[in-house]
Amino acid sequence: MHMFKLLAQEDDELQEEVTIESPTLLGISGLIASTIVLYSESVLFNTGCGLPAGPFGLVGAVEGISYLGVVGLIGFSLYTKVKTGSGLPAGPGGILGAAEGVAYLAALAGILVLIAQVTNYGYIPNAVPMEGVHEH
C-alpha cells in the first residue's frame, strides 16, 4: 500500500499535512465515477433525460453515487490545493492525477450540459424521473 504525505511550506515552516492512504484506490474509484458521470451527462445532453433507474433502482443509485464521488474528489483536490499549495499527487502510474483531471472535466461537461438542457428544453430535469414531462 502506498501512502503520500503532502506538505505545505511557508518560509521553511511546516504549515499543513494532508495524507492520502491509498492513492491507487482513490484514483481507480475516481476514474470509474467520472466515466459514469460523463456517460450520464452524454445521455442527458442527447435525450434531455438522465439515465433510467434500472432494475431495483441500481443504475440510478450507481449514477448518484458517482456524482457524489466526483464532487468529493474535486472537493478533496481543492482542499489539498488550499492547504498545500498544489493539487493531488500523480500517484502510482499517474492514476490519481488522471482521476483528478477527468473529475474536473466531468464537472465542466456538467456545466455545459446544464446550459444546453436549459437552452434546448427550458428546464433542468429532476433527480427522480417525472411522467409526462419529457418522454424519450
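Biologist: Which backbone oxygen does the side chain of Thr-84 reach?

Modeller: That of Thr-80, at 2.6 Å. The backbone oxygen of Ser-86 lies 2.9 Å from a polar atom of the Thr-84 side chain. This is a predicted model, with local features taken at pLDDT of at least 70, side-chain atom pairs at pLDDT 80 or more, and totals for chains, interfaces and linings over all residues. Numbering starts from 1 along each chain as its sequence is written, and side-chain values use heavy atoms, without hydrogens or water.

Biologist: Where is Thr-84 found, and why is Thr-84 called buried?

Modeller: Thr-84 is in helix H2, residues 58-84. Its relative accessible area is 13%. Buried means under 20% (over 50% is exposed, in between partly exposed; 1.4 Å probe, protein chains only). Therefore Thr-84 is buried.

Biologist: Which residues make the contact?

Modeller: Among them are Leu-26, Gly-30 and Ala-33 of H1, and Val-62, Tyr-67 and Phe-76 of H2. Contact means heavy atoms within 4.5 Å.

Biologist: What span does H3 reach, and what is expected?

Modeller: H3, residues 95-121, has 27 residues and reaches 37 Å from its first C-alpha to its last. That is close to the 39 Å expected at 1.5 Å a residue. The buried residues of H3 include Leu-96, Glu-100 and Gln-117.

Biologist: What follows H3?

Modeller: Gly-122, with a positive phi near 80°.

Key
Helices (H or I, at least four residues) and strands (E, at least two) are DSSP runs, numbered from the N terminus. The expected span of a helix is 1.5 Å times one less than its number of residues. A polar contact is a pair of N or O atoms within 3.5 Å; within protein, one must be able to donate a hydrogen and the other to accept it, and residues adjacent in sequence count only if both atoms are side-chain atoms.
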